[in-house]
Amino acid sequence: MKEYLKRGLLSFSLSSFSGLIVNLIIDAIANSAGDPPFYSMSPDFRALFTTPAMAAYTNVLLYGVIGFAFAAMTFLFDLKKMGLLIQWLLYFLSTGAVCITITTLLWQLQRYPRAFFMTVGGYGITYIIIAISQYLNLKKDVKEINESLKKAS
């Protein structure tokens, strides 16, 4: 479990830092035109906090929580008693719950049903593509192992 927590903390740090850098770049580009200040987060999310800085700090920390969830939940793939399909499904549901909940909060998607469903759909489609590609790689690896076992015997 320590290894998964380490992965989670590393991913938390990388995700938070990446979120900070992306937000800084977006803000710098958007504010270079000299218009009223632009913040790379939903105005409705910003309104939940007393200052834009607190909203920005929370925004960055929540990106880290998403990264932590994706890394820490990989322990599911090491549980030998359940099949790969169940592992994928549990990983999809657990990371999806964290990711969709946080992005809904950050982007206030509950106010924009179409955007909410597009985000959920995009997450689902992305995960299906990743799962299929993992399955094909796994299938290839098993085939190579079987071929080397045949050669060895």
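What radius of gyration does the chain have, and what would a compact globule of 153 residues have? Here are some notes to read alongside the model, which is a predicted one.

1. **Overall dimensions.** The chain has a radius of gyration of 20 Å, while a compact globule of 153 residues would come out near 15 Å. Along the principal axes, the C-alpha atoms fill a box of roughly 75 × 30 × 30 Å.

2. **Secondary structure.** You will find five helices and zero strands here.

3. **Burial, surface and contacts.** Of the 153 residues, 25% count as buried. The accessible surface is about 10400 Å², and carbon and sulfur atoms account for 73% of that. If you take the contacts between residues at least 6 apart in sequence, 57% of them join residues at least 24 apart.

4. **How H3 and H4 pack.** A pair of packed helices is described by the angle between the axes and the distance between them. For helix H3 (residues 52-72) and helix H4 (residues 84-107), the angle is about 170° and the axes are 9 Å apart. Angles over 145 degrees count as roughly antiparallel, and H3 and H4 are therefore roughly antiparallel to each other. On the H3 side, the contact is made by Asn59, Leu62, Tyr63, Val65, Ile66, Ala69 and Phe70. H4 brings Tyr91, Thr95, Val98, Cys99, Ile102, Thr103, Leu105, Leu106 and Trp107. Sorted by class, this contact has 13 nonpolar and three polar residues, with no charged ones.

5. Threonine 103 sits in helix H4. Is this residue buried or exposed? Threonine 103 counts as buried because its relative accessibility is 7%, and the cut-off for buried is under 20%. Leaving aside residues up to four places away in sequence, threonine 103 touches Ile66, Gln108, Leu109 and Thr119. Ile66 is also among the H3 residues that make the contact with H4.

6. **Leucine 76, in the loop.** Have a look, too, at the loop between H3 and H4, where leucine 76 is found. Leucine 76 has a relative accessible area of 6% and is therefore buried. Which residues does leucine 76 touch, not counting those up to four places away in sequence? They are Gln87, Leu90, Tyr91 and Ser94. Tyr91 is also one of the H4 residues in the contact with H3. Between leucine 76 and tryptophan 107 there are 29 Å in space, C-alpha to C-alpha, and the two are 31 residues apart in sequence.

Key
Residues are numbered from 1 along each chain as its sequence is written. This is a predicted model: local features need pLDDT of at least 70, side-chain atom pairs count only at pLDDT 80 or more; totals for chains, interfaces and linings use all residues. Side-chain values use heavy atoms; hydrogens and water are left out. Axes are lines fitted to C-alpha atoms, for helices over the stretch in contact, and angles run from 0 to 180 degrees between N-to-C directions. Helices (H or I, at least four residues) and strands (E, at least two) are DSSP runs, numbered from the N terminus. Angles under 35 degrees count as roughly parallel, over 145 as roughly antiparallel, 65 to 115 as roughly perpendicular and the rest as oblique. Contact means heavy atoms within 4.5 Å. Ala, Val, Leu, Ile, Met, Phe, Trp, Tyr, Cys and Pro count as nonpolar, Asp, Glu, Lys and Arg as charged, and the others, Gly among them, as polar. The radius of gyration is taken over C-alpha atoms; the globule rule is 2.2 Å times the number of residues to the power 0.38. Buried means under 20% relative accessible area, exposed over 50%, partly exposed in between (1.4 Å probe, protein chains only). Accessible areas come from the Shrake-Rupley method with a 1.4 Å probe; for residues, only the protein chains shown count as cover.
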